[in-house]
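Try each one yourself before you read the solution.

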Amino acid sequence: MTSLDPRAPLVLDTRELGRRPGSQREVTRTVPAPAELGIEILAVPEGSPVDLDLRLEAVMEGVLVTGTARAALEGECARCLEPISDEIEVTLQELYVYDDRHDHHERNAGGDADDEVSTLEDDLLDLEPLLRDAVVLALPFQPLCRDDCPGLCTECGARLADDPDHTHDAPIDPRWAKLTGLQQDQ
Ligand SMILES: [Zn+2]
Ligand SMILES: [Zn+2]
């Protein structure tokens, strides 16, 4: 288990809350997006600004984080490969529980349900896994440039949205033309 770096942009210090249930703090900050925030075909560009608007609230078991994150998205249409630029806003909500056990003995390495719980480490919390999950969940499985994108022509690869009515009498793929030529030579 690596310990958190308090200077990392997505690590928040909750010490100010003093573990007093009910105490709150607003956190508004813009952080550079970590790498691979999103899915392969659509993601928040690494280093681009992510606007965080959060509330940290101490509760009995830990610190409750609620708020939103806003960021730019870039990717490509799953059907026609046209570049997509978009924005995303996700809701964040997570309870980070106080975890004092690791001060005293090793956490059990069995990989049980404990792993699903977000914990505070020395009063620091790591927003990155929360942000990552929220962004990935909010993204469409197949991003499209527009809902009814007709995709690419299977014949010539042209983008059908630009030229919806075009047709082919015969295959014009140059590779086919070459093959035909070879056959004629023999
Ligand atoms: Zn498209
Ligand atoms: Zn075509």
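**Exercise 1.** Is Cys80 buried or exposed?

*Solution.* Keep in mind that this is a predicted model. Start with the cut-off: a residue is called buried when its relative accessible area is under 20%. Cys80 has a relative accessible area of 6%, so Cys80 is buried. Now try the rule on other cysteines. Cys77 sits at 0% relative accessibility and therefore counts as buried. Cys153, at 12%, also counts as buried. Cys145 has a relative accessible area of 29%, so Cys145 is partly exposed.

**Exercise 2.** Work out which atoms hold the zinc ion (ligand 1), and in what arrangement.

*Solution.* First, list the donors: the SG atoms of Cys77, Cys80, Cys145 and Cys149 coordinate the zinc ion (ligand 1) at 2.3 Å. Next, look at the angles. The four donor atoms subtend 108 to 114 degrees around the zinc ion (ligand 1), and the arrangement is tetrahedral because of that. Then write the donors' spacing along the chain, which is C-x2-C-x64-C-x3-C. Finally, see what that spacing does: Cys77 is in the loop between strand S6 (62–76) and strand S7 (83–98), while Cys145 is in the loop between helix H2 (128–138) and helix H3 (174–185), so this pair ties together parts 68 residues apart in sequence. As for disulfides, the count is zero, taking a pair of cysteine sulfur atoms within 2.5 Å as the rule.

**Exercise 3.** Which residues have the most contacts inside the largest nonpolar core?

*Solution.* Begin with the background: in soluble globular proteins, nonpolar side chains tend to be buried together. Here, buried residues make up 34% of the 186 in the protein chain. The largest nonpolar core has 36 residues, and Val50, Leu52, Leu54 and Leu127 have the most contacts inside it. Next, ask who contributes: strand S2 (24–32), strand S4 (42–44), strand S5 (49–58), S6, S7 and H2 each give at least two residues to this core. S7 provides the largest share, six residues. To finish, zoom in on Val50. Leaving aside neighbours within four places in sequence, its contacts include Val31, Leu37, Val44, Ala69 and Leu131.

Note on methods:
Residues numbered from 1 in each chain as written. Chains lettered and ligands numbered in written order. Predicted model: local features only at pLDDT ≥ 70, side-chain atom pairs only at ≥ 80, totals over all residues. Heavy atoms only, no water. Buried < 20%, exposed > 50% of the residue type's maximum accessible area, 1.4 Å probe, protein only. Donors = N, O, S within 2.8 Å, 3.2 Å for Na, K, Ca; no water. Tetrahedral: all angles 85-135°; square planar, octahedral: opposite > 155°, others 65-115°. Helix = DSSP H or I, 4+ residues; strand = E, 2+ residues; numbered from the N terminus. Core = buried A, V, L, I, M, F, W, Y, C linked by side-chain atoms within 4.5 Å. Contact = heavy atoms within 4.5 Å.
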